[in-house]
2 protein chains.
Amino acid sequence: MKIVLIGAGNLSTNLGKALLDAGNDILQVYSRTFESASALANFVGGAPVTNIDSVTKEADVYVISVKDSAIAEIVPVLCKGRGEKVFLHTSGSVSLDVFKGMALHYGVLYPMQTFSKSKLLNFKNIPFFVEGNDDYSFETVHHLADSISENVHILSSEARKHLHLAAVFACNFVNHCYEISSEILAKHNIPFDVMLPLIDETANKVHQMKPDEAQTGPAVRYDQNIIRMQSDLLRENPIFKQIYECMSLSIHYVTQKKGGNE
Amino acid sequence: MKIVLIGAGNLSTNLGKALLDAGNDILQVYSRTFESASALANFVGGAPVTNIDSVTKEADVYVISVKDSAIAEIVPVLCKGRGEKVFLHTSGSVSLDVFKGMALHYGVLYPMQTFSKSKLLNFKNIPFFVEGNDDYSFETVHHLADSISENVHILSSEARKHLHLAAVFACNFVNHCYEISSEILAKHNIPFDVMLPLIDETANKVHQMKPDEAQTGPAVRYDQNIIRMQSDLLRENPIFKQIYECMSLSIHYVTQKKGGNE
């Protein structure tokens, strides 16, 4: 298929490469800055454009991967005069209805993964969640997803919002816990590397058991002396201290609800 | 070496097996309940005991892996009458000084890992942090650690406290984020499995880049519409909502401090 990428960020870079590798043709890459547009265009093919009005009408599919707040601004300008094409966005939290009244055929192509430009991923096992407003859109988005992943699901906009929230916890907040951990270690001149086997095993464990069964540490034992002492170690950083306290309490609640641990 | 294991929980089970495999001799396993003591004794050898007074005086090393709050209670009883032996505990947050005045030779053997009885780990790459009160204790604990791991470090009690706190974030709180994620998904009948590629990649990423460089999502972009909407999706669970809000704010602070993202 002939594709235009709208956006040249982390997701667009990874998705563009996967779509190219699957035999699609990237006609153009749009970004607000020429630098970003041309960097990605050099990589996946097509011409860089920085003006939405200059986006070609010759593509089959327009894939929008810009930040959520920019989608609603871009859609009306992009869809106008491109009546029969398929428009997709890739956001977890934006409804399919953002296209309503703006285009005839539209859908969502949402990959459940965290992307960075500097780390290109194999898409084969990445779960994709797709949605389409009619049979034609649905077939197009499903076909596109199937061409790059073996793990494609159909999901409504409403359920996708919750899926995205679940991903924020499983990825962004997890990564922030890594960040806090690394800051604590750096303060005591301990290299972050010593955490990697623990980080890997923590992720591995939930392949084999449910997260509440995998839990260990002071909070699940509700060891109040340690909890108080550790919380006090964070006294110079009120927000980290608050995270420590909410997390410990929440682990304790979950443990109590399921009837204790250890 | 001839070893007695004090405690038969997740850590003792994994450590006992590693010590056995490294050619040590487990003489006894102590636990408060006969069931636990005999389960582990059946697995790693030695006799189960449920009374500290029945612990043999014939061992070279006594390895204490009980919950932190129980260490100070067990130490005086265990050390009495076993003057020349080496006593070790395996806790992140308990000082070496818990043994002071109770024994001549003592130390700490702290593995940086999360253990479950049902999942036995290869110890080779697990970082160990050791400490000893004198040359003899230090050599003993270092020798023991070297026999099971290729990743042994020397660390003071004071620094170990902070290391343990860092591990609580990188493991226990990370796992709790997985738990919250799984609860959100379960409510919408989405299997937790769809999160696993994201969980794995989030862990993989910090092998290659620093956590603050790896961050993605609404909070690092400070997309306030999405943050408000997602926080509202958690309105029925005040503690999850509070975690969401602290985490998002904290990610925003870290991002600002390092001068923005995306």
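Two strands pair if DSSP finds at least two bridges between them. Helices (H or I, at least four residues) and strands (E, at least two) are DSSP runs, numbered from the N terminus. In this predicted model, strands β6 (residues 105-111) and β7 (residues 128-132) of chain A run antiparallel and are joined by five bridges. They belong to an open sheet of eight strands in chain A. The structure also holds 16 salt bridges over all chains.

Residues are numbered from 1 along each chain as its sequence is written, chains are lettered from A and ligands numbered from 1 in the order in which they are written, and side-chain values use heavy atoms, with hydrogens and water left out. Because the model is predicted, local features need pLDDT of at least 70 and side-chain atom pairs count only at pLDDT 80 or more, while totals for chains, interfaces and linings use all residues.

**The sheet of chain A**

- The strand order is β3-β2-β1-β4-β5-β6-β7-β8, with mixed pairing.
- β3 (47-49) and β8 (152-154) of chain A stand at the edges; each has a single partner strand, so one side of each lacks a neighbour in the sheet.
- Neighbouring strands are turned by 25° against each other on average, direction ignored. Axes here are lines fitted to C-alpha atoms, for helices over the stretch in contact, and angles run from 0 to 180 degrees between N-to-C directions.

**Strand β4 of chain A**

- β4(A) pairs with β1(A) in the parallel sense over four bridges. Ile6(A) stands opposite Ile64(A).
- β4(A) also pairs with β5(A) in the parallel sense over four bridges. Here Tyr62(A) stands opposite Phe87(A).
- Which residues cover the two faces of β4(A)? Val61(A) and Val63(A) lie on one side, Tyr62(A) and Ile64(A) on the other, and all are buried.
- Buried means under 20% relative accessible area, exposed over 50%, and partly exposed in between (1.4 Å probe, protein chains only).

**Salt bridges**

- A salt bridge is a side-chain nitrogen of Lys or Arg within 4 Å of a carboxyl oxygen of Asp or Glu. Side chains of opposite charge can pair when their charged atoms come close.
- Lys17(A) and Asp21(A) meet in one at 2.8 Å, N to O. They are four residues apart in helix α1 (residues 10-21) of chain A, so about one helical turn separates them.
- Lys17(A) is partly exposed at 24% relative accessibility, whereas Asp21(A) is exposed at 53%.
- Lys241(A) bridges to Glu245(A), with the closest N and O atoms 3.0 Å apart. Both lie in helix α10 (residues 238-257) of chain A, four residues apart.
- Lys241(A) is partly exposed at 23%, and Glu245(A) is partly exposed at 37%.
- In chain B, Lys187(B) forms a salt bridge with Glu236(B), at 3.5 Å between the closest N and O atoms. This pair links distant parts of the chain, 49 residues apart: Lys187(B) is in helix α5 (residues 157-187), Glu236(B) in the loop between α9 (224-233) and α10 (238-257).
- Lys187(B) is exposed at 59%, as is Glu236(B) at 65%.
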